[in-house]
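Reader: I would like a close look at a single helix and what surrounds it. Please take me through it step by step.

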Amino acid sequence: MSERIIELRDIKKSYGQVYALGGVDLSVDRGEVVGLIGDNGAGKSTLIKILSGVVKPTSGEILVRGKPVSGWSAARSRDAGIETVFQDRALAVQQTIVRNIFMGRELTSFMGWLKVNKEIEEASRLMREIGFTSKVFTPHSIVGQLSGGERQGVAIARAIYKQAELIILDEPTTALSLTETAKVFHFVRQVRASGRSILFIGHNIHHVFDIADRFVVLDRGKVALTAGRTEVKSAEDLINFMEDVAHPGGLPGLHDGAEQRA
Amino acid sequence: MSKAMEPDLQTPLGRASGQVAKKPAKEWSHPSNHWLRGFVIDNRASLGTLAVFIVMMAVFIIANPTVFTTWYLYSSVLTTLPVALFVVVPLVFVVTCGEIDLSFPATMGFASWVFALVVQAGYDPFLGIAAALLTGTLLGFLVGSLVVYGGLSSLIATLGMNFLLRGLIQIINEGKSTALTGLADSSAYKIFSSQVWGIPVQIFWAIAFVVFSALLYNRHRFGAQVKVVGDNPDSARQMGIDVKWVRVKVFVFVGIGAAIAGTFSVMINFTWWPTAGDGYLLPVLASVFVGGTPTWGGIGTVVGGAIGAVTVSFIQTGVVAAGLSGFYVQFFNGLIIILSLLGHKWNQARYR
């Protein structure tokens, strides 16, 4: 269980004089859900872009399954089994679930004709694997008919079909209601149960606290905290910590309020 | 809709994937248990078009029952309809891809001109057909590349190409037509333009083309990628689809279709005119949208487009045959287009 899927060591990224990341260490083990928290501008999106190979770090080391990888790129990232699921723009909403899952890698027989039955079979298997079972929706259902949480499920199923070992969920619950968030959590737990890993990025600390096995708090381009599930008692602890980090002197009133809530 | 799916939140966290996968496959079922209802839901756009056609024909037949029992009326429609079908169907692909192509009339004229030149020079018409297809492919590629790699608006760029190519034809031919008298004796004519049991043979080729294209649209990687690119190009790009090349390919497809259509129209008349194809621009475009392919891209229907073409080509014949004067044709054309669009708008939800 404790195989290390990916490890970032002392990753720095600067845009000119400005440091977006100033030496970040981050690792994800197999079958682990890592919650990445941080305010706007903390460097979350830069970190995602580095993981997915879109952006190259200025310095630092990237290890895939313990081995250092040189020349990190989008192709290397895919080869390592890293897939990023963006909240919007990921799906073609007028198409069926099947067409979205096999987008760009259609199952074909001779001369590009689709293996329709094989695709449906495979799609059903993937949907079951992440726990997306329904009497209402079939692989033929149009994605536009699905709710926000279910659409996340389709995107996650597609990532799994692409042999993803580590799925990066970029703010998967930000625009979702409580029941929809519960669906996404359900999918995430199923993915973890199948031995894959998830990097869960979120604004809502309560959401991240509920789902993650380990928390990484990013602040102004540096890791401010890495803590296991057992080390943090409640979401309020995390919130307090983040407030302390953001305002080391403490903001009168703000802090007290948080303690009362805890 | 969303309430219908209740995930089992009590699922044990440690459950292995192997166990989950063993669940019976019965959990998926079609929205309707009855296959007919599913069929209607999946094909509502083309069925709606079919309904429009049937109602329209019923009105015409009631107006003048005797004329519609004569075979000549249908025979004349079946001769000219195939020419339209060969361009309507590729245009469904273009519109699904989120583009438009207004250059096909000139491509029809240009490709059939090449065909006429080859036949006039004394070569076998089959060679002429091959040359016309090659011309259509190249012109489609040219137009597509201009739009896609040039980053131009397809509406304006293809309109410009239509004028440009047509102008080129007019400049070189100075308005003169080409008569192809030897064509009637050729084997190509027998295969592509004669009659079988009194039915114009073109319609069989056109039906084969429609069926092949419908399969291409629904059961082929090409059709799947065309739809995805028209639906969400960003997503398609992210998933590794060569979005630009898919877009070029739909224009190439129109070029090929236009070449076939142009060649067929020349074979019907034994004459090539420098204006060949010009009259098809508006009826063909109308057919695509009457057929139920929406303007916004991502979805469409090949069979619906074909039925739309049948509807549009029966309007003129039907209006005159029903005893109304020719002045009514345009009015009925417009009426059918507007009614169809209203019907499709009610019929098809647009998902975002």
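Author: Start just after helix H5 of chain A, at Gln163(A). There the backbone takes a positive phi of about 65 degrees. Keep in mind that this is a predicted model.

Now step back into the helix itself. H5(A) runs over residues 148-161 and has 14 residues. At 1.5 Å a residue, it should span 20 Å. Its end C-alpha atoms are 20 Å apart, which agrees.

Is this helix enclosed or open? Count the buried residues: 12 of the 14 in H5(A) are buried, so the helix is largely enclosed by the rest of the structure. The cut-off matters here: a residue is buried if 20 or more other C-beta atoms lie within 10 Å of its own. The buried residues include Gly149(A), Val154(A), Ala155(A), Ile156(A), Ala157(A) and Ile160(A).

Chain A has 9 helices and 10 strands. Its radius of gyration is 19 Å, close to the 18 Å that the globule rule gives for 262 residues, so chain A is as compact as a globular protein of that length. Along its principal axes, the C-alpha trace spans about 65 × 45 × 35 Å. Of the 262 residues, 46% count as buried. Look also at contacts between residues at least 6 apart in sequence: 70% of them join residues at least 24 apart.

Chain A is assigned two domains, domain 1 (4-231) and domain 2 (232-262). Their C-alpha centres lie 29 Å apart. The contact takes 12 residues from domain 1 and 8 residues from domain 2. On the domain 1 side, helix H7 (205-211), strand E9 (214-219) and strand E10 (222-228) each supply at least two residues. That side divides into 7 nonpolar, 1 polar and 4 charged residues.

Next comes the largest nonpolar core. It has 165 residues. Phe200(A), Leu85(B), Val87(B) and Val88(B) have the most contacts inside it. Helix H12 (residues 243-269) of chain B gives the largest share, 15 residues. Domain 1 and domain 2 of chain A both give residues to this core, so it lies between them.

For another helix, turn to H6(B), residues 125-148. It has 24 residues and reaches 34 Å from its first C-alpha to its last, close to the 34 Å expected. Among its buried residues are Ile129(B), Ala132(B), Leu139(B), Val143(B) and Val147(B). Their cover includes H5 (104-120), H7 (154-173), H8 (187-193) and H12 of chain B.

Finally, return to the backbone angle we began with. Asp10(A) also has a positive phi, near 50 degrees. Asp10(A) sits in strand E1 (residues 4-15) of chain A. It is partly exposed, with 13 other C-beta atoms within 10 Å. Arg65(A) has a positive phi of about 50 degrees although it is not a glycine. Arg65(A) lies in the loop between strands E4 (59-64) and E5 (67-68) of chain A. It is partly exposed, with 14 other C-beta atoms within 10 Å.

Methods. Residues are numbered from 1 along each chain as its sequence is written. Chains are lettered from A and ligands numbered from 1 in the order in which they are written. This is a predicted model: local features need pLDDT of at least 70, side-chain atom pairs count only at pLDDT 80 or more; totals for chains, interfaces and linings use all residues. A nonpolar core is a set of buried Ala, Val, Leu, Ile, Met, Phe, Trp, Tyr and Cys residues joined through C-beta atoms within 7 Å. Helices (H or I, at least four residues) and strands (E, at least two) are DSSP runs, numbered from the N terminus. Domain bounds come from an automatic or database domain assignment. The radius of gyration is taken over C-alpha atoms; the globule rule is 2.2 Å times the number of residues to the power 0.38. Two residues are in contact if their C-beta atoms, placed from the backbone, lie within 7 Å. The expected span of a helix is 1.5 Å times one less than its number of residues. Ala, Val, Leu, Ile, Met, Phe, Trp, Tyr, Cys and Pro count as nonpolar, Asp, Glu, Lys and Arg as charged, and the others, Gly among them, as polar.
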